[in-house]
Amino acid sequence: MAIAPLAEHACHSVEQRYMIEIMSPPLIALLDRLEGREIEYAAGAPVFHLGDPVRFVHVVRSGVVHLVRHQDNGSALILQRAGPNSILAEASLYSASYHCAARAEVAAVTWAIPRAGLLTRIESDTELAIAWARHLAHEVQQARLQSEILSLKTVAARLDAWVSWHGSLPARGHWSTLAHEIGVSPEALYREIALRRGYDALTTI
């Protein structure tokens, strides 16, 4: 499958399994040692808004945080579903402000590491720098896959590409999230799945 160029946005990130990217244990351990503070978010609460200055890098400790970009037609595209032990919008470390928004999908807790402190440690700590670089390299691969999926013209083609990478559809309860991840309406995705399975999509909603 051809790979489309990576769009340069501070929070352009996707995940391999249901778009949830889990960090390697060494990177988790290294980040946990850094100075930071724990922040709790209620379900639906914003973690940051589009255009906010980047003051912290958030490691999700519990719950799920969605990284969202709102499109011109009013729909929302989920760029990242950050679950436990994942970095939220890691590329924002190198940006002065956020290019998208983040909100807690369910009650969540993050370990907020000051951006300036993390940059300083990466410059001086070889082990942390290597672990961070490996993580970003994987994110580039994932972002290119997402870019390729979103370049496809039909719901069927986008779903085929997603399933080809992940191996199978997620459970029915995750279909709405999948629709946002591939940039289509839930109704359009339900219809496509119904065509493939030979039943009425309305019964799945």
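Me: In which helix does Trp175 lie?

Reply: Trp175 lies in helix H5, where helices (H or I, at least four residues) and strands (E, at least two) are DSSP runs numbered from the N terminus. This is a predicted model, in which local features need pLDDT of at least 70 and side-chain atom pairs count only at pLDDT 80 or more, while totals for chains, interfaces and linings use all residues. Residues are numbered from 1 along each chain as its sequence is written, and side-chain values use heavy atoms, with hydrogens and water left out.

Me: Is Trp175 buried or exposed?

Reply: Buried means under 20% relative accessible area, exposed over 50%, and partly exposed in between, with a 1.4 Å probe and protein chains only. Trp175 has 1% relative accessibility and therefore counts as buried. Its side chain reaches the backbone oxygen of Pro170 at 3.1 Å, and the C-alpha atoms of Trp175 and Ile193, which are 18 residues apart along the chain, are separated by 9.6 Å.

Me: Which residues of H6 are buried, and what do they pack against?

Reply: An α-helix has 3.6 residues a turn, so residues three or four places apart point the same way. In H6 the buried residues are Pro186, Ala188, Leu189, Tyr190, Glu192, Ile193 and Ala194, and they pack against helix H4 (155-166) and helix H5 (175-181). H6 itself covers residues 186-197, and its twelve residues reach 16 Å from the first C-alpha to the last, close to the 16 Å expected at 1.5 Å a residue; the expected span is 1.5 Å times one less than the number of residues. Just after H6, Gly198 takes a positive phi of about 75 degrees.

Me: Which residues of strand E7 are on the covered face and which on the uncovered one?

Reply: In a regular strand the side chains alternate between the two faces of the sheet. In E7 (residues 101-104), Ala102 and Ala104 form the covered face, whereas Ala101 and Arg103 form the uncovered one. Two strands pair if DSSP finds at least two bridges between them; E7 pairs in the antiparallel sense with strand E2 (residues 46-48) over two bridges, and with strand E4 (residues 65-70), also in the antiparallel sense, over four bridges. Ala102 is the bridge partner of Phe48, and Ala101 is that of Val68.

Me: What is the order of the strands in the open sheet of four strands?

Reply: Strands of a sheet pair through backbone hydrogen bonds, either parallel or antiparallel. Here the order is E1-E8-E3-E6, with antiparallel pairing. Strand E1 (37-41) and strand E6 (86-88) stand at the edges with a single partner strand each, so one side of each is left without a neighbour in the sheet. E1 and strand E8 (residues 108-114) run antiparallel and are joined by five bridges, with Glu38 standing opposite Trp111 in E8.

Me: Which residues have the most contacts inside the largest nonpolar core?

Reply: A nonpolar core is a set of buried Ala, Val, Leu, Ile, Met, Phe, Trp, Tyr and Cys residues joined through side-chain atoms within 4.5 Å. The largest one has 19 residues, and those with the most contacts inside it are Val47, Phe48, Val65, Leu67, Leu88 and Ala102. E1, E2, E4, strand E5 (76-82), E7 and E8 each supply at least two residues of this core, and its largest share, three residues, comes from E5. A second, separate core of 15 residues includes Leu30, Val57, Ile113 and Trp132.

Conventions. Contact = heavy atoms within 4.5 Å. Polar contact = N/O pair within 3.5 Å; in protein donor to acceptor, adjacent residues only side chain to side chain.
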